[in-house]
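I opened the file to take notes on the chain as a whole, then on a few residues. The entries below are in the order in which I looked things up.

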Amino acid sequence: MSTNQRAHDLDRQYVFHSWSAQAALDPLVIAGGSGSEVWDFEGNRYLDFSSQLVNVNIGHQHPAVVKAIQDQAATLATVAPAAANLTRGEAAERILARAGEPFSKVFFTNGGADANENAIRMARLHTGRDTVLSTYRSYHGNTGAAIVATGDWRRMPNQYARGHVHFFGPYLYRSEFWASTPEEESARALHHLERVIQSEGPATIAAILLETVPGTAGIMIPPPGYLAGVRALADKYDIVLILDEVMCGFGRTGRWFAFEGYDVVPDLITFAKGVNSGYVPVGGVAISAEIAADFDENVFPGGLTYSGHPLAAASIIGALDAMESEGIVENARRVGAEALAPGLAELQEKHPLIGEVRGEGVFWALELVADRGTREPVAPALIGQLKKELLARGLLPFSADNRIHVVPPCVVTDDEVARALAIYDEALLAVR
């Protein structure tokens, strides 16, 4: 039996996968990776234009991050969160240096879902209110409050948390507001949000929780003035603004934080994924000084055994320092503007299946439609076939609903983008 086959068979016999009906699964075996590529045990190589789950921002097996983890493991492999640990403190310092004012503290978690969970907890304790507003087109994680804050179908079998209300965010391509321009979409979406706030009762609302750029829901770039308008509404009604940067943070949009491009500063930032590219599970909440001060004398009723785990903290230091010294965030911005944006626009001109291309940095979506006039989404079977065609040509894709998301690591090169664009072109021709 080959090593590839053994890995596949062990997975199928013993591993229970998330968000899946188990019997139908046929997972791809991944044995190793480097930069923007992964491979199996038989030497088949793939361009990883999924970044796994849009988290391997620094690329696979970056030597600086690997070394940071190895060195920390040789020094102190684990420590309780109540202790002071130099590596943990330096990781927090680096995150806050990039977040800027008004952020003063970091609460470390195991990932993005519990980052959102604890940010919601902080907002409720800070305001003394209960309700959390979030959009229908969103994903915030798979823990109790985070999954109910999520707007898509995954919350429906999991609605055990209290105090969540959803609203429609801007999405001009499929506008809920009969808008014809980005400015109209922004103004009407803000009017809708304010009416939801008024109708729910401002005195009941603890927080507005938004992905700065919604990721799994469709990489929907906020229209002009929208996020600044949400900030103004939060200030008007004394509501905490939480921006979920779990997927869009740390270089993905070509900026350290996505919100830096939208004239907005939140009260709480949730992060994970790109902060260390997932080399060790970690996430967290960057906390404004005002909210952090609430817990100077009052106990914060939350904690995790592995909060600020030293291996995770070391991987954050290694990743952020390498991203800084090697210009990786700038590379993501440049590649997005100079290679992905024009290349994906050319694909759209060539393939009627592509209804819209949208994104920035290394964070893009191709929305596939059966008819550009009606904007009817393509059938799931076509997405399934397209994924097979992409894999057969050596590209690991990320798909969601009727979309293919183009989300390579931030270290991707122009040549790798050119190879990927040719593969997307061939695969789209094969399924049309």
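The entries go from the whole chain to single residues.

**Entry 1: the whole chain**

I note at the start that this is a predicted model. I looked up the secondary structure and found 13 helices and 16 strands in the chain.

I then asked how the radius of gyration sits against that of a compact globule. For 432 residues the globule would have a value near 22 Å, and the chain has 21 Å, so the two agree. Along the principal axes, the C-alpha atoms fill a box of roughly 60 × 60 × 40 Å.

I looked up burial next: 56% of the 432 residues count as buried. The accessible surface of the chain is about 18200 Å². Carbon and sulfur atoms make up 53% of that surface.

For contacts, I took those with a separation of 6 or more; residues 24 or more positions apart account for 71% of them.

I also looked up the charges. There are 35 positive and 52 negative ones in the chain, and their mean positions lie 4 Å apart.

**Entry 2: N402**

Where does N402 sit? I found N402 in the loop between β15 (398-400) and β16 (403-406). Is N402 buried or exposed? Its relative accessibility is 8%, under the 20% cut-off, and N402 therefore counts as buried.

I followed the side chain of N402 to its polar partners. One is the side chain of E367, joined to that of N402 by a polar contact of 3.4 Å. Another is the backbone oxygen of L368, which the N402 side chain reaches at 2.9 Å. Both E367 and L368 are on the contact list of N402, which leaves aside neighbours within four places in sequence. I also noted R174, L366, P377, V378 and I383 on that list.

**Entry 3: backbone geometry**

As a reminder to myself, most residues other than glycine have a negative phi, and most peptide bonds are trans.

Which peptide bond is cis at P102? I found that the bond from E101 to P102 is cis, with omega near 10°. P102 is in the loop between α4 (86-99) and β4 (103-109).

I then looked up S51, which is not a glycine but has a positive phi of about 50°. S51 belongs to helix α2, which covers residues 51-54. S51 counts as buried because its relative accessibility is 0%.

D238 also has a positive phi, about 60°, and is not a glycine. I placed D238 in the loop between α8 (226-236) and β8 (240-244). With a relative accessibility of 56%, D238 counts as exposed. I record the pair together: S51 is buried, whereas D238 is exposed.

**Entry 4: L76**

I ended with L76, in the loop between α3 (63-75) and α4. How exposed is L76? The relative accessible area is 32%, so L76 is partly exposed.

I checked the C-alpha distance from L76 to T87 and got 9.9 Å, for two residues that are 11 apart in sequence. What does L76 touch beyond its neighbours within four places in sequence? I found contacts with N85 and P310.

Definitions and conventions:
Residues are numbered from 1 along each chain as its sequence is written. This is a predicted model: local features need pLDDT of at least 70, side-chain atom pairs count only at pLDDT 80 or more; totals for chains, interfaces and linings use all residues. Side-chain values use heavy atoms; hydrogens and water are left out. Helices (H or I, at least four residues) and strands (E, at least two) are DSSP runs, numbered from the N terminus. The radius of gyration is taken over C-alpha atoms; the globule rule is 2.2 Å times the number of residues to the power 0.38. Buried means under 20% relative accessible area, exposed over 50%, partly exposed in between (1.4 Å probe, protein chains only). Contact means heavy atoms within 4.5 Å. Accessible areas come from the Shrake-Rupley method with a 1.4 Å probe; for residues, only the protein chains shown count as cover. Lys and Arg count as positive and Asp and Glu as negative; His and the chain ends are not counted. The place of a charge is taken as NZ of Lys, CZ of Arg, CG of Asp or CD of Glu. A polar contact is a pair of N or O atoms within 3.5 Å; within protein, one must be able to donate a hydrogen and the other to accept it, and residues adjacent in sequence count only if both atoms are side-chain atoms.
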